[in-house]
Amino acid sequence: MHTISTSELFLIALGIIFTVPYLIWRVGKTDYYAPLVVVQIITGILLGPGVLGNVFPDYYQFVFTPSVIQLLNGIAWWAVMLFVWIAGIELDLKHAWAYRRESGITAGFALITPLLLCSAVAAGMLASDGWIGPNGMKWQFIFGVGMACAVTALPILILLMEKLEILRQPIGQRILRYGSLDDIAIWGVLALILMDWGRVGRQGAFLLVFALCSYGFRKLMVRLPESDRWFVGLIWLAVCAFGADWAGLHFMVGAFLAGAVVDSDWFDQKQMDQLRQHVLLVIMPVFFLSTGLRTNWSVGGEAVFVAAAALLCASVAGKLLGVHIAGRILNWRPGEASIIGWLLQTKALIMIIFSSILLDKGIITTDTFTALLLMAVASTMLTVPMVAPKLARIRGIVTQAI
């Protein structure tokens with residue numbers, strides 16, 4: 001009798017990863033409410049132990065053995081490192097600085113207001129057991145969950161604005177500036193949350209060496225032909241990720257820093273767009289499944305859904321309130337604040353990555369991670385259905401005026 005090998009099980013898992021979400025997306029025609037990337041995240045949750053593992057435990061244990069999960073995790077780590085690196089490269093800091101008053105006010109309110117509201121919800125979650133991780137302090141949990149809910153996922157925001165045909169328009173460029181500033185704040189706060197005072201010397205050394213090496217790296221990159229910059233950039237990514245992980249900050253912090261010091265105009269924009277698309281197509285689905293395999297419902301499904309709903313309401317209300325306050329201060333046109341506020345709700349990947357790091361470090365439990373994952377999916381799914389009609393109305397008014 002043939003005994004199925006690990007490589008065969010791995011290939012079966014890959015077949016499931018790419019087939020199931022594609023069929024749901026294509027046959028169900030979900031693109032308006034849930035783009036393929038969102039369907040892949042949802043499928044990852046469904047294939048995890050909380051759903052498939054409960055309904056078909058024998059089948060789940062047969063395919064997703066520890067050795068298969070280990071192989072998938074290796075691919076997932078590299079996939080998400082590439083994705084975060086690209087997100088760092090795409091930060092539009094030059095334009096944000098050129099419009100620093102407007103960008104600072106909007107990005108500040110868009111981040112701080114949902115952070116405060118969601119931190120309050122997180123503080124309420126501590127009233128019951130099962131939410132805070134074994135290595136987490138209360139302030140880390142509250143601040144971490146609050147910041148996770150205040151995130152805007154810049155790469156997914158770019159995809160949705162392309163879909164809505166506003167990416168290259170003035171409002172789309174403004175939204176990119178706001179998202180870029182929030183991305184910097186998010187990773188800065190994450191580094192603060194992960195600060196290990198027992199290894200503060202090592203972390204300080206990493207940041208000092210990183211700053212010095214970044215200067216030399218930038219000098220080198222401008223002298224290289226573009227074809228070589230891709231290879232050198234990937235080497236730089238691996239080195240920075242290793243250094244950050246060695247220092248105790250997490251390799252994702254290093255991946256973001258590696259991209260943040262890279263100028264996007266060193267690369268052809270079309271090639272960068274294609275790389276982002278290819279990463280999403282070829283290897284990020286493995287990360288989505290790997291993420292789904294980490295979901296759990298040990299405190300009870302109802303409690304997880306209640307927590308997710310509370311965080312979603314606080315996040316949406318906080319983001320909209322913050323952007324409307326900014327709109328009042330900056331005298332925006334009617335309707336702009338609502339469109340910008342809903343687009344900045346896009347969380348998906350960056351929030352999932354942020355939450356995964358909190359889970360890896362033991363600051364949150366799998367139950368909190370699952371609640372955050374559900375909230376990220378719901379928040380992202382709301383974006384296009386809420387924004388598309390508002391854009392249509394504004395375009396109709398402009399057309400009538402002309």
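Student: How far is the sulfur of C313 from the closest cysteine sulfur?
Tutor: In this predicted model, the sulfur of C313 lies 9.8 Å from that of C118, the closest cysteine sulfur, which is too far for a bond.

Student: Is C313 buried or exposed?
Tutor: C313 counts as exposed, at 55% relative accessibility.

Student: How many disulfides are there in total?
Tutor: The count comes to zero disulfides. C240, for instance, is in no disulfide, and its nearest cysteine sulfur, that of C213, is 7.8 Å away. A disulfide requires two cysteine sulfur atoms within 2.5 Å.

Student: And C240, buried or exposed?
Tutor: C240 is buried, with a relative accessible area of 4%.

Student: Changing topic to charges: how many salt bridges does the structure hold?
Tutor: The structure holds seven salt bridges. One of them pairs D31 with K163, and the closest N and O atoms are 2.8 Å apart.

Student: What is the accessibility of D31 and K163?
Tutor: D31 is partly exposed, with 30% relative accessibility. K163 is partly exposed as well, with a relative accessible area of 34%.

Student: Which residue forms a salt bridge with R177?
Tutor: R177 pairs with E102, and the closest N and O atoms are 3.0 Å apart. R177 is in helix α10 (residues 170-193) and E102 is in helix α7 (residues 100-125), so this pair ties together parts that are 75 residues apart in sequence. Both R177 and E102 are buried.

Student: What about E336, where is its salt-bridge partner?
Tutor: The side chain of E336 meets that of R174 in a salt bridge, at 3.3 Å from N to O. E336 and R174 are both buried.

Student: Which residues do shared partners join into one network?
Tutor: Salt bridges with shared partners join E102, R174, R177, R333 and E336 into one network.

Student: What lines the largest cavity?
Tutor: Its lining is formed by I17, P21, Q40, T43, G44, L47, P285, F288 and L289. The elements giving two or more residues to this lining are α1, α2 and α15 (284-292). By class, the lining has six nonpolar, three polar and no charged residues.

Student: And the second largest pocket, what is its volume?
Tutor: The second largest pocket has a volume of about 340 Å³. There are 13 lining residues, and those closest to the centre of this pocket are L36, V37, L159, Q277 and L280.

Student: Which element gives the most to that lining?
Tutor: Helix α9 gives the most to the lining of the second largest pocket, with four residues. At least two residues each come from α2 (36-46), α9 (154-163) and α14 (269-282).

Student: How many of the residues lining the second largest pocket are charged?
Tutor: Three are charged, alongside eight nonpolar and two polar residues.

How values were computed
Residues are numbered from 1 along each chain as its sequence is written. This is a predicted model: local features need pLDDT of at least 70, side-chain atom pairs count only at pLDDT 80 or more; totals for chains, interfaces and linings use all residues. Side-chain values use heavy atoms; hydrogens and water are left out. Buried means under 20% relative accessible area, exposed over 50%, partly exposed in between (1.4 Å probe, protein chains only). On a 1 Å grid over the protein atoms alone, a cavity is a set of points where a 1.4 Å probe fits but cannot get out, and a pocket is an open set with protein on both sides within 12 Å along at least five of seven lines; lining residues have an atom within 4 Å of a point. Grid points are joined across faces, edges and corners, and a volume is the space filled by probe spheres set on the points. Ala, Val, Leu, Ile, Met, Phe, Trp, Tyr, Cys and Pro count as nonpolar, Asp, Glu, Lys and Arg as charged, and the others, Gly among them, as polar. A salt bridge is a side-chain nitrogen of Lys or Arg within 4 Å of a carboxyl oxygen of Asp or Glu.
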